[in-house]
Amino acid sequence: AQRMAVLARLQAGLKGGKPAILVAAAHAVLQRLPPPTALERASYSAKPGADVVIADLERYFAVNGYARASTVSERGEFAIRGGVIDVFPPTAEEPVRLDLFGDSLESIRAFDPETQRSTKQLHSVDLAPVSEILLDADAISRFRKGYVEAFGAPGDDPLYAAVSEGGRRGGMEHWLPLYYPSTATLFDYLPDGALVGIDHLATEARDERLAMVHDAFDARVQAKGTYRPLSPKTLYLESAEWDRRVGEHASRSFTPFQVDGPNVIDMGARQGRSLAAERAQDSVNLFEAAANHANTLSAA
């Protein structure tokens with residue numbers, strides 16, 4: 001849900017003209033994602049006075065990975081009680097309550113998930129997908145066809161049976177490419193002119209992650225169990241594609257070492273104080289020592 005919330009914000013465009021920083025671990029950048037067009041179709045917005053058909057909203061929740069609950073407390077949950085719909089959008093800080101009069105949306109209120117009491121009135125509600133798998137009829141059809149092409153007859157595979165009936169199953173994201181005509185990467189969600197910064201350990205982390213993925217894939221294949229894995233290259237960027245996508249953007253590489261050259265900028269970062277002297281003394285409170293050091297730096 002958190003990942004889809006970030007992608008939805010990127011796809012909708014950054015509001016207010018303020019610069020934004022997106023921090024992502026190397027293994028997150030490697031992962032292939034639903035195409036941006038899928039998120040465009042999966043957005044939902046409503047304001048008081050709008051017509052809201054509960055049956056249509058229920059279908060939206062089912063397709064986009066929301067889970068029905070008796071009481072909404074976690075992101076991605078929803079509950080329907082007569083003309084009241086509670087839902088916790090992945091992009092929101094609090095769940096929201098939609099009050100309907102017939103098919104007309106009368107009010108939208110945020111509420112505290114612990115007390116269930118309203119906290120403020122809202123002028124609109126914006127929903128985004130909770131799952132990478134947008135499980136509509138077309139996605140189910142593509143999954144069934146792609147599964148047979150990749151693995152042959154499904155046999156008694158419970159995943160195939162569940163998805164064929166429109167149900168969800170834990171781990172179904174492992175077959176993400178089968179649900180879409182094509183997949184995307186995080187680079188496809190970046191705005192034009194985005195500057196990409198590469199940490200000095202990112203490439204090493206990337207290569208370690210890919211080695212782990214390939215080892216896991218080989219082990220799955222050799223085990224010959226009921227789990228049918230897709231090729232790693234369909235789920236993750238390979239090293240060459242990573243380099244190519246980074247090369248499509250202006251980029252900066254960070255290093256902790258002293259480097260000379262015309263394109264090098266010293267950011268002024270230095271090793272912080274280790275408090276080794278204080279650690280050697282049992283009578284010293286390290287928390288106070290760290291706080292005093294921080295106050296000294298602030299005063300200077």
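This is a predicted model: local features need pLDDT of at least 70, side-chain atom pairs count only at pLDDT 80 or more; totals for chains, interfaces and linings use all residues.

Residues are numbered from 1 along each chain as its sequence is written, and side-chain values use heavy atoms, with hydrogens and water left out.

**Entry: asparagine 64**

I started in the loop between helix H4 (54-63) and strand S2 (67-68), where asparagine 64 is found. Is asparagine 64 buried or exposed? Its relative accessible area is 3%, so I put it down as buried. My cut-offs are under 20% for buried, over 50% for exposed and partly exposed in between, with a 1.4 Å probe and protein chains only.

Which residues does asparagine 64 touch, leaving aside neighbours within four places in sequence? I found Ala42, Pro129, Val130, Ser131, Leu134 and Arg168 in contact with it. I also saw a polar atom of the asparagine 64 side chain 2.9 Å from the backbone oxygen of tyrosine 60.

**Entry: salt bridges**

How many salt bridges does a search of the whole structure find? I got 14, counting a side-chain nitrogen of Lys or Arg within 4 Å of a carboxyl oxygen of Asp or Glu.

I looked at glutamate 241 and arginine 32, whose closest N and O atoms are 2.7 Å apart in a salt bridge. Glutamate 241 sits in helix H9 (residues 239-247) and arginine 32 in the loop between helix H2 (26-30) and helix H3 (36-41), so this pair ties together parts that are 209 residues apart in sequence. Both glutamate 241 and arginine 32 are buried. They also belong to a network of salt bridges that links Arg32, Asp188, Glu241, Arg244, Arg245 and Glu248.

Next I took arginine 81 and aspartate 86, whose side chains meet in a salt bridge at 2.9 Å, N to O. Arginine 81 is partly exposed at 41% relative accessible area, while aspartate 86 is buried at 0%.

Then came arginine 206 and aspartate 207, a salt bridge with its closest N and O atoms 2.9 Å apart. Here arginine 206 is buried, at 5%, and aspartate 207 is partly exposed, at 36%.

**Entry: the nonpolar cores**

I defined a nonpolar core as a set of buried Ala, Val, Leu, Ile, Met, Phe, Trp, Tyr and Cys residues joined through side-chain atoms within 4.5 Å. Which members of the largest core touch the most other members? They are Phe143 and Tyr179, in a core of 45 residues. Elements giving two or more residues to this core include helix H1 (2-12), helix H5 (137-151), helix H6 (158-164) and helix H7 (202-223).

Leaving aside neighbours within four places in sequence, I listed the contacts of phenylalanine 143 as Leu159, Tyr160, Val163, Trp175, Leu178 and Tyr179. I then found a second, separate core of 17 residues, with Tyr60, Phe78, Ile108 and Val130 among them.

**Entry: aspartate 112 and a neighbouring loop residue**

Aspartate 112 lies in the loop between strand S6 (104-111) and strand S7 (118-122). I noted it as partly exposed, with a relative accessible area of 25%. Leaving aside neighbours within four places in sequence, its contacts are Glu94, Arg117 and Thr119. From aspartate 112 to tyrosine 227 I noted 41 Å, C-alpha to C-alpha, and 115 residues in sequence.

Glutamine 116 lies in the loop between S6 and S7 too, and is partly exposed at 22%. Its phi is positive, about 65°, although it is not a glycine. I jotted a reminder that most residues other than glycine have a negative phi.

**Entry: leucine 275**

Where did I find leucine 275? It is in the loop between S10 and H10. Leucine 275 has a positive phi as well, near 60°, and counts as buried at 11% relative accessibility.

Terms used:
Helices (H or I, at least four residues) and strands (E, at least two) are DSSP runs, numbered from the N terminus. A polar contact is a pair of N or O atoms within 3.5 Å; within protein, one must be able to donate a hydrogen and the other to accept it, and residues adjacent in sequence count only if both atoms are side-chain atoms. Contact means heavy atoms within 4.5 Å.
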